[in-house]
Amino acid sequence: MVNETKLQTPPGYRILDIDGLRALLAGLPLREKLGGDPKEWTIEEVGDGNLNLVFIVRSSATGFAVKQALPYVRLVGDSWPLPLSRAHYEHMALSIQAKHAAGLVPAIHHYDKTLALIVMELLDPHIIMRRGMISGIPYPKFADDISTFMAANLFHTSALAHSAHDFKGLIADFSGNTALCRITEDLIFTEPYMMAENNRWTSPWLDGQAASIRADVDLKCAVSKLKLKFIGSPEAMIHGDLHTGSVMLTADDTRVIDPEFAFMGPMGFDVGALIANLLLNYFSQIGHEGHVGARDEYRVWILDAVEQVWMLFRRKFIAQWEAHGTGDGYPAVLFEDPAGKAILARERDAYMDRLFRDTLGFAAAKMIRRILGLAHNIDLEWITDEQTRATAEARSLLLARDLMVNTESYGSIGTVAEAARRINALVPDIKGP
Ligand code: SR1
Ligand code: MG
């Protein structure tokens, strides 16, 4: 039972149930699209995320997905209030993403600020990518689509594309999303490295590794540098939670959903989140294959996707910069002669090299939090045999620790894939706690 008195909600806000949503939709112009008698629409609440309600509404004519923010963290309950304004930031981010990466986000049909509710295109027959990967489904268009999404959005919301004035306007627009940023700051960059109430891990198997991470000064310095970068580097509008649970897709269509964590932050956080979740799924395959080696071909696909995502992203980001680098960062006027053009090309490469290092650090942080922190992911959680799960998690932690502390030793994305392959092959199965 929700304790509404503790929660800050504006007048007019109410948590919708199925009948409440039916009545709401019946009073909107959208009713025409759904058609027929509202009593005949089927409505189900299907949200399995950590924060919100998600309803699927279907009529004989069409369907919609409806997302409503709750005034608290769904995963934990009403003891953890969370502002409804996240629906505003999600709506704003979706609108910006639709402009820069048309066709790669769901269309918005209606937004109700008071109810913190967004009615969106129903993505059908798309499934959440994480679930597809657990079933061993390859997605041939994924790397191309997601790299387009990231390159377009990150470049076009940066000061490489914008005037300083407009760029600062974007910073102002997203500056209020602090509660969602706070979740990231605490759950990703702090709590996994200390004893915290929210933490959990596959105990007792990982007790030793969790303790050594809490005692690892080099790692704690490295994650603190990343945290500072997350807090204080407004490079572009980032999605803020770009894991494989925020991607819905089929073999030939990819959509990025759920940008409620969006704010002006470091680009590498998005790219790293994606790569982290591919790598976690890679290590989790030991728990999803029918017999040893059954998913070997799929493992090759995953690591190839890791490499492709970075390489295509890098190429496309540079291409955007070459074609649209009219922002106040790196003023074109300073690099117009042939020597200047060559220098600018070198600068772009250096920029991408720095972004690659950020990506690896953030990827590592995202991997560690899913194993030692509050919110885990089903790639690992659905492995019912605890020793097998702990083996996958221990391997993930080993790679993550090295990526974060020895970032400089990874000269290319190929070396990251190679390290994952090596750890997966050589680090023995966990035998005892
Ligand atoms: C308390 S929220 C936990 C996580 O759920 C979201 O999907 C984000 O990843 C957040 O860190
Ligand atoms: Mg989400």
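Helices here are DSSP runs of H or I with at least four residues, strands are E runs of at least two, and both are numbered from the N terminus. That goes for every view below, and the model itself is predicted.

**Figure 1. The whole protein, before we zoom in.** In this predicted model, the chain folds into 15 helices and twelve strands. Its C-alpha atoms fill a box of roughly 65 × 60 × 40 Å along the principal axes.

**Figure 2. Who sits around ligand 1.** The shell is made of Asn50, Leu51, Val73, Ile183, Leu187, Asp241, His243, Phe261, Arg369, Arg370 and Ala375. Sorted by class, that gives six nonpolar, two polar and three charged residues.

**Figure 3. Polar contacts to ligand 1.** Which side chains have a polar atom by a ligand oxygen? Asp241 has a side-chain N or O atom 2.8 Å from an oxygen of ligand 1. For Arg369, a polar side-chain atom lies 2.6 Å from a ligand oxygen. On its own, ligand 1 has 320 Å² of accessible area, and the protein covers 94% of that. Helix H7 (178-187) and helix H12 (338-372) are the elements that give two or more residues to the shell.

**Figure 4. A three-stranded open sheet.** The strands run in the order S8-S10-S11, with antiparallel pairing. Strand S8 (127-128) and strand S11 (254-256) are the edges, each pairing on one side only. Strand S10 (247-249) holds on to S11 through three antiparallel bridges, and Leu249 stands opposite Thr254 in S11.

Figure 5. Most peptide bonds are trans, and most residues other than glycine have a negative phi. Here are some spots to check against that.
- Asp124 to Pro125 is a cis peptide bond, with omega near 20°; Pro125 sits in the loop between strand S7 (117-121) and S8.
- Ser203 and Pro204 are also joined by a cis peptide bond, with omega about 5°; look for Pro204 in the loop between H7 and helix H8 (207-214).
- Asp258 isn't a glycine, yet has a positive phi of about 65°; Asp258 is in the loop between S11 and strand S12 (263-265).

Definitions and conventions: Residues are numbered from 1 along each chain as its sequence is written. Chains are lettered from A and ligands numbered from 1 in the order in which they are written. This is a predicted model: local features need pLDDT of at least 70, side-chain atom pairs count only at pLDDT 80 or more; totals for chains, interfaces and linings use all residues. Side-chain values use heavy atoms; hydrogens and water are left out. A residue is near a molecule or strand if one of its heavy atoms lies within 4 Å of it. A polar contact is a pair of N or O atoms within 3.5 Å; within protein, one must be able to donate a hydrogen and the other to accept it, and residues adjacent in sequence count only if both atoms are side-chain atoms. Accessible areas come from the Shrake-Rupley method with a 1.4 Å probe; for residues, only the protein chains shown count as cover. Ala, Val, Leu, Ile, Met, Phe, Trp, Tyr, Cys and Pro count as nonpolar, Asp, Glu, Lys and Arg as charged, and the others, Gly among them, as polar. Two strands pair if DSSP finds at least two bridges between them.
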